[in-house]
Amino acid sequence: MSEEFKIEIVNPEKSFLVKEDVSEVVVPAFEGEMGILKDHISIISFLKPGIIKVSSKSGDENYYIEDGIVEFKNNNLSILTSSIYNLSDMDKSVQQDLLKKAEEEAGKSDINDQAKYLVDQKIEVLKTLN
Amino acid sequence: MASLDDLKKRIASVKSTQKITKAMKMVAAAKLRKAQESAEKGRPYSEKMNNVILNLSSGISDKENAPKLLAGTGQDKVHLCVVMTSDRGLCGGFNSNIIKKAKSYFSKILDENKELKIITVGSKGNDQLKRIYGDKIIENISFKESKNANYFDADKVGKIIIEKFEAGEFDVCTIFYNKFKNVITQIPQAQQIIPLNDEGSENSSDESYEFEPDEDEILSNLLPKNISTQIFKAMLENSASEQGSRMSAMDNATRNAGEMVDKLTIEYNRSRQAAITKELIEIISGAESL
(Lines give C-alpha, C1' and ligand atoms only; values in the text may rest on other atoms or scores of the structure.)
Protein backbone atom coordinates (compact mmCIF):
# COMPACT_ATOMS: atom_id res chain seq x y z
CA MET A 1 0.00 0.00 0.00
CA SER A 2 1.29 3.37 -0.86
CA GLU A 3 2.05 5.76 1.91
CA GLU A 4 1.44 8.86 -0.11
CA PHE A 5 -1.13 11.59 0.05
CA LYS A 6 -1.95 14.83 -1.67
CA ILE A 7 -0.87 18.28 -0.63
CA GLU A 8 -2.11 21.60 -1.87
CA ILE A 9 -0.71 24.92 -0.77
CA VAL A 10 -2.67 27.97 -1.88
CA ASN A 11 -2.13 31.64 -1.33
CA PRO A 12 -4.55 34.39 -2.32
CA GLU A 13 -2.87 34.99 -5.65
CA LYS A 14 -2.60 31.45 -6.86
CA SER A 15 -2.28 27.79 -6.15
CA PHE A 16 1.28 27.70 -4.88
CA LEU A 17 2.04 24.01 -4.84
CA VAL A 18 0.15 20.86 -5.70
CA LYS A 19 1.74 17.47 -5.17
CA GLU A 20 0.22 14.02 -5.28
CA ASP A 21 3.06 11.99 -3.90
CA VAL A 22 4.07 13.33 -0.53
CA SER A 23 4.97 10.93 2.19
CA GLU A 24 5.33 13.30 5.09
CA VAL A 25 4.71 16.95 5.84
CA VAL A 26 5.92 18.76 8.91
CA VAL A 27 4.04 21.96 9.68
CA PRO A 28 4.63 24.53 12.41
CA ALA A 29 1.24 24.27 14.08
CA PHE A 30 0.20 26.76 16.68
CA GLU A 31 0.93 24.52 19.60
CA GLY A 32 4.10 22.98 18.27
CA GLU A 33 5.48 21.26 15.24
CA MET A 34 3.24 18.61 13.78
CA GLY A 35 4.17 15.81 11.42
CA ILE A 36 1.43 14.57 9.15
CA LEU A 37 1.51 11.12 7.59
CA LYS A 38 -1.05 9.28 5.54
CA ASP A 39 -4.38 8.53 7.26
CA HIS A 40 -3.89 11.19 9.87
CA ILE A 41 -7.12 12.06 11.65
CA SER A 42 -9.05 15.00 10.16
CA ILE A 43 -7.68 18.14 11.65
CA ILE A 44 -7.86 21.88 11.33
CA SER A 45 -5.18 23.96 12.88
CA PHE A 46 -3.41 27.28 12.77
CA LEU A 47 0.11 27.79 11.69
CA LYS A 48 2.62 30.08 13.25
CA PRO A 49 5.68 31.44 11.47
CA GLY A 50 8.02 28.61 10.64
CA ILE A 51 9.18 26.08 8.13
CA ILE A 52 6.99 23.62 6.27
CA LYS A 53 8.89 20.53 5.28
CA VAL A 54 7.43 18.49 2.46
CA SER A 55 8.96 15.08 1.90
CA SER A 56 8.29 13.20 -1.28
CA LYS A 57 10.09 10.77 -3.56
CA SER A 58 11.79 13.61 -5.34
CA GLY A 59 13.35 14.76 -2.09
CA ASP A 60 12.61 17.26 0.63
CA GLU A 61 11.42 20.78 0.07
CA ASN A 62 11.33 23.53 2.64
CA TYR A 63 9.06 26.53 2.68
CA TYR A 64 9.02 29.48 4.98
CA ILE A 65 5.55 30.73 5.96
CA GLU A 66 4.37 33.52 8.19
CA ASP A 67 0.83 32.43 8.90
CA GLY A 68 -1.80 30.04 7.66
CA ILE A 69 -4.39 27.42 8.28
CA VAL A 70 -3.94 23.76 7.70
CA GLU A 71 -6.73 21.35 7.00
CA PHE A 72 -6.31 17.63 6.63
CA LYS A 73 -9.16 15.47 5.49
CA ASN A 74 -9.46 12.23 3.54
CA ASN A 75 -5.76 12.25 2.84
CA ASN A 76 -5.93 15.72 1.36
CA LEU A 77 -3.78 18.29 3.03
CA SER A 78 -4.67 21.89 2.28
CA ILE A 79 -2.60 24.75 3.53
CA LEU A 80 -3.92 28.27 3.20
CA THR A 81 -1.38 30.97 3.72
CA SER A 82 -0.97 34.58 2.75
CA SER A 83 2.81 34.64 2.69
CA ILE A 84 4.98 31.73 1.66
CA TYR A 85 8.51 31.49 0.30
CA ASN A 86 10.41 28.59 -1.12
CA LEU A 87 13.59 28.39 0.91
CA SER A 88 15.76 27.16 -1.93
CA ASP A 89 15.18 30.29 -3.96
CA MET A 90 14.67 32.76 -1.17
CA ASP A 91 17.15 35.58 -1.23
CA LYS A 92 19.18 36.50 1.79
CA SER A 93 18.08 40.08 1.25
CA VAL A 94 14.40 39.07 1.40
CA GLN A 95 15.07 37.31 4.67
CA GLN A 96 16.84 40.35 6.01
CA ASP A 97 13.93 42.56 5.00
CA LEU A 98 11.41 40.32 6.71
CA LEU A 99 13.57 40.14 9.79
CA LYS A 100 13.90 43.90 9.92
CA LYS A 101 10.16 44.38 9.58
CA ALA A 102 9.46 41.80 12.27
CA GLU A 103 11.91 43.43 14.63
CA GLU A 104 10.34 46.79 14.04
CA GLU A 105 6.96 45.33 14.88
CA ALA A 106 8.26 43.65 18.00
CA GLY A 107 9.57 47.00 19.14
CA LYS A 108 6.14 48.60 19.07
CA SER A 109 4.66 49.24 22.47
CA ASP A 110 0.96 48.77 21.65
CA ILE A 111 1.30 45.18 20.54
CA ASN A 112 -0.81 42.54 22.25
CA ASP A 113 0.48 39.33 23.73
CA GLN A 114 -0.53 37.01 20.96
CA ALA A 115 0.86 39.20 18.23
CA LYS A 116 4.03 39.61 20.24
CA TYR A 117 4.36 35.87 20.54
CA LEU A 118 3.95 35.44 16.78
CA VAL A 119 6.45 38.14 15.97
CA ASP A 120 8.98 36.66 18.33
CA GLN A 121 8.50 33.32 16.65
CA LYS A 122 9.04 34.95 13.31
CA ILE A 123 12.26 36.57 14.40
CA GLU A 124 13.53 33.34 15.85
CA VAL A 125 12.84 31.38 12.69
CA LEU A 126 14.29 34.04 10.44
CA LYS A 127 17.44 34.17 12.53
CA THR A 128 18.00 30.46 12.21
CA LEU A 129 17.70 30.78 8.44
CA ASN A 130 20.54 33.23 8.15
CA MET B 1 -24.25 72.02 -45.74
CA ALA B 2 -20.93 72.10 -44.00
CA SER B 3 -18.05 73.35 -46.03
CA LEU B 4 -15.41 71.04 -47.43
CA ASP B 5 -12.87 72.27 -44.95
CA ASP B 6 -15.12 71.60 -41.99
CA LEU B 7 -15.82 68.08 -43.16
CA LYS B 8 -12.15 67.41 -43.62
CA LYS B 9 -11.44 68.53 -40.09
CA ARG B 10 -14.21 66.39 -38.68
CA ILE B 11 -12.99 63.31 -40.49
CA ALA B 12 -9.51 63.87 -39.13
CA SER B 13 -10.80 64.28 -35.59
CA VAL B 14 -12.99 61.18 -35.72
CA LYS B 15 -10.06 59.23 -37.08
CA SER B 16 -7.82 60.29 -34.24
CA THR B 17 -10.51 59.38 -31.72
CA GLN B 18 -10.74 56.01 -33.37
CA LYS B 19 -7.02 55.56 -32.95
CA ILE B 20 -7.31 56.24 -29.25
CA THR B 21 -10.21 53.86 -28.70
CA LYS B 22 -8.44 51.21 -30.70
CA ALA B 23 -5.34 51.54 -28.58
CA MET B 24 -7.43 51.42 -25.41
CA LYS B 25 -9.10 48.27 -26.63
CA MET B 26 -5.75 46.61 -27.22
CA VAL B 27 -4.48 47.62 -23.80
CA ALA B 28 -7.68 46.39 -22.17
CA ALA B 29 -7.40 43.08 -24.00
CA ALA B 30 -3.88 42.56 -22.76
CA LYS B 31 -4.79 43.53 -19.22
CA LEU B 32 -7.90 41.40 -19.32
CA ARG B 33 -5.90 38.28 -19.94
CA LYS B 34 -3.79 38.96 -16.91
CA ALA B 35 -6.73 39.93 -14.72
CA GLN B 36 -8.72 36.92 -15.78
CA GLU B 37 -5.82 34.66 -15.04
CA SER B 38 -5.36 36.01 -11.56
CA ALA B 39 -9.10 35.86 -10.90
CA GLU B 40 -9.05 32.20 -11.79
CA LYS B 41 -5.93 31.53 -9.78
CA GLY B 42 -7.40 33.27 -6.78
CA ARG B 43 -10.49 31.14 -6.70
CA PRO B 44 -9.07 28.05 -4.97
CA TYR B 45 -8.04 30.10 -1.95
CA SER B 46 -11.42 31.65 -1.32
CA GLU B 47 -13.17 28.36 -1.97
CA LYS B 48 -10.93 26.49 0.42
CA MET B 49 -11.36 29.21 2.99
CA ASN B 50 -15.10 28.97 2.65
CA ASN B 51 -14.98 25.21 3.02
CA VAL B 52 -12.95 25.32 6.16
CA ILE B 53 -15.29 27.85 7.69
CA LEU B 54 -18.33 25.81 6.78
CA ASN B 55 -16.79 22.75 8.33
CA LEU B 56 -15.94 24.72 11.40
CA SER B 57 -19.30 26.36 11.83
CA SER B 58 -21.13 23.09 11.42
CA GLY B 59 -18.93 21.77 14.20
CA ILE B 60 -19.98 24.49 16.57
CA SER B 61 -22.64 23.24 18.88
CA ASP B 62 -23.31 26.38 20.82
CA LYS B 63 -24.73 28.76 18.24
CA GLU B 64 -25.60 31.35 20.84
CA ASN B 65 -22.05 32.03 21.76
CA ALA B 66 -20.69 31.77 18.26
CA PRO B 67 -18.47 34.66 17.19
CA LYS B 68 -20.47 37.67 16.12
CA LEU B 69 -18.87 37.82 12.70
CA LEU B 70 -20.48 34.46 12.00
CA ALA B 71 -23.80 34.78 13.74
CA GLY B 72 -24.37 38.51 13.50
CA THR B 73 -25.33 40.90 16.22
CA GLY B 74 -28.84 39.55 16.35
CA GLN B 75 -30.11 42.83 14.99
CA ASP B 76 -30.86 44.09 11.54
CA LYS B 77 -30.88 47.84 11.95
CA VAL B 78 -27.79 49.35 10.46
CA HIS B 79 -26.64 48.19 7.07
CA LEU B 80 -23.17 48.81 5.77
CA CYS B 81 -22.75 48.59 2.02
CA VAL B 82 -19.35 48.36 0.43
CA VAL B 83 -19.64 49.41 -3.18
CA MET B 84 -16.64 48.38 -5.22
CA THR B 85 -16.10 50.19 -8.48
CA SER B 86 -13.17 51.15 -10.67
CA ASP B 87 -10.94 54.19 -10.48
CA ARG B 88 -11.06 54.82 -14.19
CA GLY B 89 -13.88 55.55 -16.54
CA LEU B 90 -14.47 54.66 -20.17
CA CYS B 91 -15.46 51.14 -19.38
CA GLY B 92 -19.00 50.96 -20.65
CA GLY B 93 -21.71 50.08 -18.21
CA PHE B 94 -19.33 48.59 -15.69
CA ASN B 95 -19.68 51.17 -12.96
CA SER B 96 -23.27 52.13 -13.60
CA ASN B 97 -24.35 48.50 -13.38
CA ILE B 98 -22.92 48.18 -9.90
CA ILE B 99 -24.37 51.53 -8.90
CA LYS B 100 -27.77 50.59 -10.23
CA LYS B 101 -27.77 47.37 -8.26
CA ALA B 102 -26.56 49.14 -5.17
CA LYS B 103 -29.12 51.93 -5.47
CA SER B 104 -32.05 49.55 -5.67
CA TYR B 105 -30.73 47.85 -2.56
CA PHE B 106 -30.30 51.19 -0.82
CA SER B 107 -33.85 52.30 -1.48
CA LYS B 108 -35.11 48.96 -0.21
CA ILE B 109 -33.23 49.44 3.02
CA LEU B 110 -34.34 53.03 3.42
CA ASP B 111 -37.93 52.03 2.74
CA GLU B 112 -37.71 49.61 5.62
CA ASN B 113 -36.59 52.48 7.85
CA LYS B 114 -33.20 51.02 8.45
CA GLU B 115 -30.04 53.00 8.73
CA LEU B 116 -27.68 52.97 5.79
CA LYS B 117 -23.94 53.47 5.73
CA ILE B 118 -21.83 53.32 2.63
CA ILE B 119 -18.18 52.70 2.00
CA THR B 120 -17.07 53.23 -1.57
CA VAL B 121 -14.02 51.52 -2.96
CA GLY B 122 -12.85 53.17 -6.16
CA SER B 123 -13.40 56.78 -7.05
CA LYS B 124 -15.97 56.31 -9.81
CA GLY B 125 -18.52 54.86 -7.44
CA ASN B 126 -17.96 57.70 -5.05
CA ASP B 127 -18.51 60.25 -7.82
CA GLN B 128 -21.82 58.74 -8.77
CA LEU B 129 -23.15 58.09 -5.30
CA LYS B 130 -22.19 61.26 -3.49
CA ARG B 131 -24.81 63.31 -5.25
CA ILE B 132 -27.74 61.36 -3.80
CA TYR B 133 -26.27 59.50 -0.87
CA GLY B 134 -23.50 61.91 0.03
CA ASP B 135 -24.46 62.05 3.69
CA LYS B 136 -24.48 58.27 3.94
CA ILE B 137 -20.97 57.73 2.70
CA ILE B 138 -18.72 57.24 5.67
CA GLU B 139 -15.54 56.32 3.89
CA ASN B 140 -14.04 56.40 0.45
CA ILE B 141 -11.13 54.14 -0.33
CA SER B 142 -9.21 54.30 -3.54
CA PHE B 143 -6.29 52.28 -4.79
CA LYS B 144 -5.22 54.45 -7.66
CA GLU B 145 -1.57 53.82 -6.97
CA SER B 146 -1.61 50.05 -7.06
CA LYS B 147 -1.65 48.65 -10.55
CA ASN B 148 -3.17 45.27 -9.90
CA ALA B 149 -5.54 44.06 -7.26
CA ASN B 150 -3.42 42.71 -4.45
CA TYR B 151 -4.15 41.04 -1.18
CA PHE B 152 -2.55 43.80 0.82
CA ASP B 153 -5.14 46.33 -0.35
CA ALA B 154 -7.99 43.91 0.27
CA ASP B 155 -6.70 43.33 3.76
CA LYS B 156 -6.79 47.07 4.39
CA VAL B 157 -10.45 47.26 3.42
CA GLY B 158 -11.19 44.15 5.47
CA LYS B 159 -9.55 45.64 8.54
CA ILE B 160 -11.58 48.83 8.23
CA ILE B 161 -14.79 46.83 8.02
CA ILE B 162 -13.93 44.68 11.00
CA GLU B 163 -12.91 47.67 13.05
CA LYS B 164 -16.26 49.29 12.41
CA PHE B 165 -18.08 46.07 13.16
CA GLU B 166 -16.34 45.67 16.46
CA ALA B 167 -17.14 49.24 17.31
CA GLY B 168 -20.78 48.32 16.80
CA GLU B 169 -21.29 50.68 13.91
CA PHE B 170 -23.37 48.29 11.82
CA ASP B 171 -25.16 44.95 11.93
CA VAL B 172 -25.13 43.69 8.37
CA CYS B 173 -22.46 44.16 5.74
CA THR B 174 -22.96 43.64 2.04
CA ILE B 175 -20.43 44.07 -0.73
CA PHE B 176 -21.29 45.03 -4.29
CA TYR B 177 -19.10 44.06 -7.20
CA ASN B 178 -19.24 42.75 -10.74
CA LYS B 179 -18.75 39.06 -11.20
CA PHE B 180 -16.83 38.24 -14.32
CA LYS B 181 -18.68 35.80 -16.54
CA ASN B 182 -17.13 36.53 -19.89
CA VAL B 183 -15.89 39.49 -21.89
CA ILE B 184 -19.39 40.59 -22.81
CA THR B 185 -21.26 39.70 -19.65
CA GLN B 186 -20.51 40.88 -16.15
CA ILE B 187 -23.07 40.26 -13.48
CA PRO B 188 -23.44 42.78 -10.67
CA GLN B 189 -23.46 40.96 -7.37
CA ALA B 190 -24.57 41.75 -3.88
CA GLN B 191 -22.89 39.49 -1.37
CA GLN B 192 -23.53 39.54 2.31
CA ILE B 193 -20.36 38.98 4.29
CA ILE B 194 -21.43 39.84 7.84
CA PRO B 195 -23.09 37.84 9.25
CA LEU B 196 -21.81 35.04 7.14
CA ASN B 197 -24.46 33.83 4.80
CA ASP B 198 -24.04 30.10 4.38
CA GLU B 199 -26.08 29.93 1.25
CA GLY B 200 -25.44 26.87 -0.80
CA SER B 201 -23.65 25.14 1.99
CA GLU B 202 -23.93 21.51 1.16
CA ASN B 203 -22.79 20.62 4.64
CA SER B 204 -20.95 17.70 3.23
CA SER B 205 -18.98 16.86 6.29
CA ASP B 206 -20.46 14.90 9.08
CA GLU B 207 -16.91 14.18 9.81
CA SER B 208 -15.52 15.30 13.07
CA TYR B 209 -12.36 17.28 13.01
CA GLU B 210 -9.72 17.58 15.56
CA PHE B 211 -9.05 21.19 16.37
CA GLU B 212 -5.90 22.73 17.59
CA PRO B 213 -6.42 25.07 19.43
CA ASP B 214 -10.20 24.83 19.97
CA GLU B 215 -12.95 25.74 17.51
CA ASP B 216 -13.75 29.10 18.97
CA GLU B 217 -10.24 30.35 18.81
CA ILE B 218 -9.76 29.14 15.27
CA LEU B 219 -13.03 30.66 14.16
CA SER B 220 -12.41 34.02 15.75
CA ASN B 221 -9.06 34.16 13.98
CA LEU B 222 -10.31 32.81 10.72
CA LEU B 223 -13.40 34.95 10.23
CA PRO B 224 -11.58 38.27 9.91
CA LYS B 225 -9.29 36.63 7.40
CA ASN B 226 -12.29 35.40 5.51
CA ILE B 227 -13.61 38.95 5.19
CA SER B 228 -10.38 40.06 3.58
CA THR B 229 -10.41 37.00 1.36
CA GLN B 230 -13.93 37.68 0.17
CA ILE B 231 -13.03 41.28 -0.55
CA PHE B 232 -9.95 40.21 -2.40
CA LYS B 233 -12.04 37.84 -4.47
CA ALA B 234 -14.42 40.67 -5.26
CA MET B 235 -11.52 42.88 -6.25
CA LEU B 236 -10.13 40.25 -8.59
CA GLU B 237 -13.50 39.65 -10.19
CA ASN B 238 -14.00 43.37 -10.46
CA SER B 239 -10.72 44.05 -12.17
CA ALA B 240 -11.33 41.28 -14.70
CA SER B 241 -14.83 42.63 -15.29
CA GLU B 242 -13.56 46.17 -15.66
CA GLN B 243 -11.10 45.22 -18.36
CA GLY B 244 -13.65 43.04 -20.13
CA SER B 245 -16.21 45.77 -20.05
CA ARG B 246 -13.72 48.36 -21.25
CA MET B 247 -12.61 46.10 -24.05
CA SER B 248 -16.10 45.62 -25.44
CA ALA B 249 -16.96 49.29 -24.93
CA MET B 250 -13.86 50.37 -26.81
CA ASP B 251 -14.51 47.80 -29.50
CA ASN B 252 -17.93 49.34 -30.04
CA ALA B 253 -16.52 52.83 -30.01
CA THR B 254 -13.93 51.92 -32.61
CA ARG B 255 -16.57 50.42 -34.82
CA ASN B 256 -18.86 53.43 -34.44
CA ALA B 257 -16.00 55.76 -35.28
CA GLY B 258 -15.32 53.70 -38.39
CA GLU B 259 -18.93 54.02 -39.50
CA MET B 260 -18.85 57.72 -38.87
CA VAL B 261 -15.69 58.15 -40.93
CA ASP B 262 -17.34 56.28 -43.80
CA LYS B 263 -20.41 58.46 -43.64
CA LEU B 264 -18.44 61.67 -43.44
CA THR B 265 -16.20 60.60 -46.31
CA ILE B 266 -19.20 60.03 -48.54
CA GLU B 267 -20.58 63.41 -47.61
CA TYR B 268 -17.21 64.98 -48.24
CA ASN B 269 -16.92 63.38 -51.68
CA ARG B 270 -20.44 64.40 -52.57
CA SER B 271 -19.96 68.02 -51.68
CA ARG B 272 -16.62 68.11 -53.47
CA GLN B 273 -18.30 66.70 -56.56
CA ALA B 274 -21.12 69.21 -56.22
CA ALA B 275 -18.63 72.04 -56.08
CA ILE B 276 -16.90 70.79 -59.22
CA THR B 277 -20.19 70.42 -61.05
CA LYS B 278 -21.20 73.89 -59.99
CA GLU B 279 -17.98 75.34 -61.32
CA LEU B 280 -18.35 73.47 -64.60
CA ILE B 281 -21.89 74.75 -65.04
CA GLU B 282 -20.69 78.25 -64.41
CA ILE B 283 -17.91 77.94 -66.97
CA ILE B 284 -20.18 76.35 -69.57
CA SER B 285 -23.00 78.84 -69.12
CA GLY B 286 -20.42 81.63 -69.19
CA ALA B 287 -19.01 80.31 -72.47
CA GLU B 288 -22.50 79.92 -73.97
CA SER B 289 -23.48 83.49 -73.23
CA LEU B 290 -20.58 84.81 -75.23
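User: Where does the kink in helix 6 of chain B lie?

Analyst: At B:Leu222, shortly before the proline B:Pro224. The kink is about 25°. Keep in mind that this is a predicted model.

User: And how many residues does helix 6 of chain B have?

Analyst: Helix 6 of chain B has 74 residues. From first C-alpha to last it reaches 107 Å, close to the 110 Å expected at 1.5 Å a residue.

User: OK, on to the contacts between the chains. How many residues of chain B are in contact with chain A?

Analyst: 22 residues of chain B, and they are in contact with 21 residues of chain A. On the chain B side, the elements giving two or more residues are helix 1 (4-59), strand 6 (210-212) and helix 6 (215-288).

User: Which of those gives the largest share?

Analyst: Helix 1 of chain B, with nine residues.

User: What's the split by class on that side?

Analyst: The side of chain B that touches chain A has twelve nonpolar, five polar and five charged residues.

User: You listed strand 6 of chain B. Which strand of chain A does strand 6 of chain B pair with, and in what sense?

Analyst: Strand 4 of chain A, residues 43-47, in the parallel sense over three bridges. Within that pairing, A:Ser45 stands opposite B:Glu212.

User: Switching to the sheet in chain B. What's the strand order?

Analyst: It's an open sheet of five strands, ordered 3-2-1-4-5, with mixed pairing. Strand 3 (137-141) and strand 5 (186-194) of chain B are the edge strands, each pairing on one side only. On average, neighbouring strands are turned by 20° against each other, direction ignored.

User: Are strands 2 and 3 of chain B parallel or antiparallel?

Analyst: Parallel, with four bridges between strand 2 (residues 115-121) and strand 3 of chain B. B:Val121 has B:Ile141 of strand 3 as its bridge partner.

User: Which strands does helix 3 of chain B touch?

Analyst: Helix 3 (residues 94-111) packs on the sheet and touches strand 1 (78-84), strand 2, strand 4 (172-180) and strand 5 of chain B. The direction of helix 3 makes about 155° with that of strand 4 of chain B.

User: What about A:Asp39, what's its phi?

Analyst: Positive, about 65°, although A:Asp39 is not a glycine. You'll find A:Asp39 in the loop between strand 3 (32-36) and strand 4 of chain A.

User: Last one: how is chain A divided into domains?

Analyst: Into domain 1 (5-86) and domain 2 (91-129). Their C-alpha centres lie 22 Å apart. Seven residues of domain 1 are in contact with six residues of domain 2.

User: And what classes are those residues on the domain 1 side?

Analyst: Four nonpolar, one polar and two charged, for the side of domain 1 of chain A that touches domain 2.

Definitions and conventions:
Residues are numbered from 1 along each chain as its sequence is written. Chains are lettered from A and ligands numbered from 1 in the order in which they are written. This is a predicted model: local features need pLDDT of at least 70, side-chain atom pairs count only at pLDDT 80 or more; totals for chains, interfaces and linings use all residues. Two strands pair if DSSP finds at least two bridges between them. Axes are lines fitted to C-alpha atoms, for helices over the stretch in contact, and angles run from 0 to 180 degrees between N-to-C directions. Two residues are in contact if their C-beta atoms, placed from the backbone, lie within 7 Å. Ala, Val, Leu, Ile, Met, Phe, Trp, Tyr, Cys and Pro count as nonpolar, Asp, Glu, Lys and Arg as charged, and the others, Gly among them, as polar. The expected span of a helix is 1.5 Å times one less than its number of residues. The bend at a residue is the angle between axes fitted to the seven residues ending there and the seven starting there. Domain bounds come from an automatic or database domain assignment.
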